[in-house]
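Please look at the sequence and the structure before reading on.

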Amino acid sequence: MADTIFQKILDGDIPCHEIYRDEHVLSFLDINPLSRGHTLVIPVEPAETLDDLSDEASAAIGRVLPRISRAVLAATGAKAFNVLQNNGRLAHQEVLHVHFHIIPRYDDGTGLGVGWNVIGTLDGNEGADLSSSIRAKL
Ligand code: AMP
């Protein structure tokens, strides 16, 4: 895996506004925030996308995401937020090291703009086939 900007932050080669760190997780402020308090949470493990992340690193992130979210809300006064996690260039991932965005949403409209373009209603037969093939891959 190529050395990403987040690896450099993990290694202490470039600075960040740190919020949380433990053996498996680092959290810091996003340098180009969508809103005040926009925070990133990353694993120490150098996986590019979520599907490559180990169970241990995933669990470590899951354990602290709610706690960091609560702290962001408490410190900013925001009442709503989105958690965003992009995987792959096509899905808007720019930094190829797994990261979760915690993005407060404010009354002034700052925060994550969500486009939600449904492709239709799930067909019953297709749903049965698809859920069955996904289950088989677990
Ligand atoms: P994504 O599009 O999901 O890959 O988002 C990458 C995020 O990393 C963007 O929101 C950037 O603003 C953020 N970012 C890039 N470089 C830095 C940095 N040096 N410190 C903090 N955040 C950064």
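How do the residues of the lining of the largest pocket divide into nonpolar, polar and charged? They divide into 15 nonpolar, 8 polar and 2 charged. Here Ala, Val, Leu, Ile, Met, Phe, Trp, Tyr, Cys and Pro count as nonpolar, Asp, Glu, Lys and Arg as charged, and the others, Gly among them, as polar.

## Basis of the model

This is a predicted model, in which local features need pLDDT of at least 70, side-chain atom pairs count only at pLDDT 80 or more, and totals for chains, interfaces and linings use all residues. Residues are numbered from 1 along each chain as its sequence is written, and side-chain values use heavy atoms, with hydrogens and water left out.

## Overall build

The protein has 3 helices and 5 strands, arranged along the sequence in the pattern α-β-β-β-α-β-β-α. Helices (H or I, at least four residues) and strands (E, at least two) are DSSP runs, numbered from the N terminus. The C-alpha trace spans about 50 × 40 × 25 Å along its principal axes.

## The largest pocket

A pocket is found on a 1 Å grid over the protein atoms alone, as an open set of points where a 1.4 Å probe fits, with protein on both sides within 12 Å along at least five of seven lines; lining residues have an atom within 4 Å of a point. The largest pocket has a volume of about 640 Å³, the volume being the space filled by probe spheres set on the points, which are joined across faces, edges and corners.

Its lining has 25 residues, and Phe6, Asp30, Ile31, Asn32 and Leu40 lie nearest the centre. H1, S2 and strand S5 (100-105) each give two or more residues to this lining, and H1 has the largest share, with 3 residues.

## The ligand

The ligand takes up the space of the largest pocket; for this, more than half of its atoms must lie within 2 Å of the grid points. Around the ligand are 16 residues, of which Asp30, His92, Glu94, His99 and His101 come nearest.

A polar backbone atom of His92 is 2.7 Å from a ligand oxygen, and one of Glu94 is 2.6 Å from a ligand oxygen. For His99, a polar side-chain atom lies 2.6 Å from an oxygen atom of the ligand. The ligand taken alone exposes 510 Å², and the protein buries 86% of that, with areas from the Shrake-Rupley method and a 1.4 Å probe.

Terms used: A residue is near a molecule or strand if one of its heavy atoms lies within 4 Å of it. A polar contact is a pair of N or O atoms within 3.5 Å; within protein, one must be able to donate a hydrogen and the other to accept it, and residues adjacent in sequence count only if both atoms are side-chain atoms.
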